[in-house]
Amino acid sequence: MEMSFDFDKRLQDSEDKGKSSFDSFEELKKNLGDIFSSAGSKLGFVFPAGNMEEKEADGDNRKEKEFVEFIKKIKSFNMKPREIRDFLDRFVIKQSEAKKVLSVAICDHYNHVRRCLWDEKSSQTEYNKQNVLLLGPTGVGKTYLIKNIAKLIGVPFVKVDATKFSETGYVGSDVDDMIRDLIKAANGNVKLAQYGIVFIDEIDKIAISSNFEGRDISGRGVQINLLKLMEESEVNAYSQTDMISQLRVAMSFASGSVEQKQSINTKHILFIASGAFDRLVDIVKTRVGNKSIGFGFNLSSNDQDEVYEYLKKVSTADFIKYGFEPEFIGRLPVRVACEALKADDLKNILISSEGSILKQYVEDFAGYGIKFSVDDDALTEIARLAANEKTGARGLLTILEKLLRDSKFELPSTDIKSMRVTKSFVADPAKALSNLMRKRSMPKTAAPSANRVKKHTKKMKQP
Ligand SMILES: Nc1ncnc2c1ncn2[C@@H]1O[C@H](COP(=O)(O)OP(=O)(O)OP(=O)(O)O)[C@@H](O)[C@H]1O
Ligand SMILES: [Mg+2]
């Protein structure tokens, strides 16, 4: 079916609808002044310098330009799931299933947004959102996957941490705030924000907990508020606690102008949630354990492949047992487990991920004119030690920091211009560093020849 899209009409529509009912800042200023003087108040207040009307007009123009840009971007977005996966492969090692699921979800979302923009009727029809839930051990790339996806996305995107929500919003944030954050990410353009993507990290932290810890956070309440958003609800574009917006609304009433409906509908917003769900494996094991593995299986076994196998088998019932409302977890229908990272994977991250931490070390040392390199067998050893940390790729940073802390402190003050990490350096960094420093402080004739050093300095593969 041939579909047409009239840019001019859309632009005209958006200009007509987009006009603010807050007529002018001068009016707001005058009204406030009247209120203060009629109350006999001696209080004064300072308005920011500059002509606010002009600024508002500039802002409106900017928003409209952005909206047209956004539509162009959506129109020209022609990536296929495989291409998104290939992009993610440059940064994230392993997690092929998660990459597949996310790539498809992003492409589907784009296609849906495009349909809605092309044809108003599509946005009114029933649409089942494919909200995604990522789960798996700590430090294996769940958040990192989304961070990299965010680089590709032309639609507004926000990342929020579920730990900051509270049911009432008195202590933490109100869940609606994340939708308002989406409006901010869309530079105030509500229409644009309606097609955004919200990533909620640490979702497992809002599971209903059996022991009350005295915080004003009720997992159940937060879940109920969240599930309404995930389905479809209208969220006020202005927060009840945001003084400036409230003042503007009040002033528009005072000036007799009717406040234009300023709310955002969440029907088309895609939600991606992620969490480590540390107790979940045990719940799945208890449910399927003996049946699938057979008699004598050790439930406390911690084999990483087994953990992944169990996570792949997770069911809605397991999430409910974990502390989620059925209605909540049901609104995250696409679930995908991330794999634990073994020593080989960690080495691979160091060598081939474009976001490798080694790159940072190379740059840090280069800042002092020191050439930094790591031998291959040293990389193997670093990866092995990092895997023992059981914190995923975060273990790499822990190990490297421990290994190189003194070198980073001492070497910049010496005339040493190259730093090579060998396997023996990893085994005893303090000794290796003092040897290096001693050699350099020896008279030139006794020091190893430049050629010898060069021969031994294996060039580190640039990650
Ligand atoms: N698979 C991976 N490939 C490359 N780098 C990775 C991978 N996993 C993690 N990293 C690195 O480790 C860091 C931490 O990973 P990330 O924040 O994604 O962990 P997570 O899975 O979200 O853990 P948590 O459940 O604790 O939040 C990332 O910023 C990235 O540098
Ligand atoms: Mg994370």
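Glu97 and Lys100 both belong to helix α5, three residues apart, or about one turn of the helix; helices here are DSSP runs of H or I with at least four residues, numbered from the N terminus. The side chains of Glu97 and Lys100 form a salt bridge with an N to O distance of 3.5 Å, a salt bridge being a side-chain nitrogen of Lys or Arg within 4 Å of a carboxyl oxygen of Asp or Glu. The model is predicted, with pLDDT of at least 70 needed for local features and 80 or more for side-chain atom pairs, whereas totals for chains, interfaces and linings use all residues. Residues are numbered from 1 along each chain as its sequence is written, chains are lettered from A and ligands numbered from 1 in the order in which they are written, and side-chain values use heavy atoms, without hydrogens and water.

Glu97 is partly exposed at 35% relative accessible area, and Lys100 is also partly exposed, at 48% (buried means under 20%, exposed over 50% and partly exposed in between, with a 1.4 Å probe and protein chains only). In helix α13 (residues 304-312), Glu309 and Lys312 are separated by about one helical turn because they are three residues apart. The closest N and O atoms of their salt bridge are 3.4 Å apart. Glu309 is partly exposed, with a value of 38%, and so is Lys312, with 48%. Elsewhere, Arg85, Asp86, Asp89 and Lys99 are joined into one network by salt bridges that share partners.

A further salt bridge, with an N to O distance of 3.2 Å, pairs Asp345 with Lys94. This pair links distant parts of the chain, 251 residues apart: Asp345 lies in helix α16 (residues 343-352), and Lys94 in the loop between α4 (81-89) and α5 (96-118). Asp345 is buried at 10% relative accessible area, whereas Lys94 is partly exposed at 28%. In total, 22 salt bridges are counted.

Ligand 1 is surrounded by 17 residues, the closest being Ile93, Thr138, Gly139, Lys142 and Thr143; a residue is near a molecule if one of its heavy atoms lies within 4 Å of it. The shell consists of 10 nonpolar, four polar and three charged residues. Helix α7 (residues 142-152) contributes the most, with three residues. Ligand 1 lies between domain 2 (116-208 + 218-277 + 314-337) and domain 3 (343-440), because both give residues to the shell.

A nitrogen atom of ligand 1 is 2.8 Å from a polar backbone atom of Ile93. An oxygen atom of ligand 1 lies 2.7 Å from a side-chain N or O atom of Thr143.

Conventions:
A polar contact is a pair of N or O atoms within 3.5 Å; within protein, one must be able to donate a hydrogen and the other to accept it, and residues adjacent in sequence count only if both atoms are side-chain atoms. Helices (H or I, at least four residues) and strands (E, at least two) are DSSP runs, numbered from the N terminus. Ala, Val, Leu, Ile, Met, Phe, Trp, Tyr, Cys and Pro count as nonpolar, Asp, Glu, Lys and Arg as charged, and the others, Gly among them, as polar. Domain bounds come from an automatic or database domain assignment.
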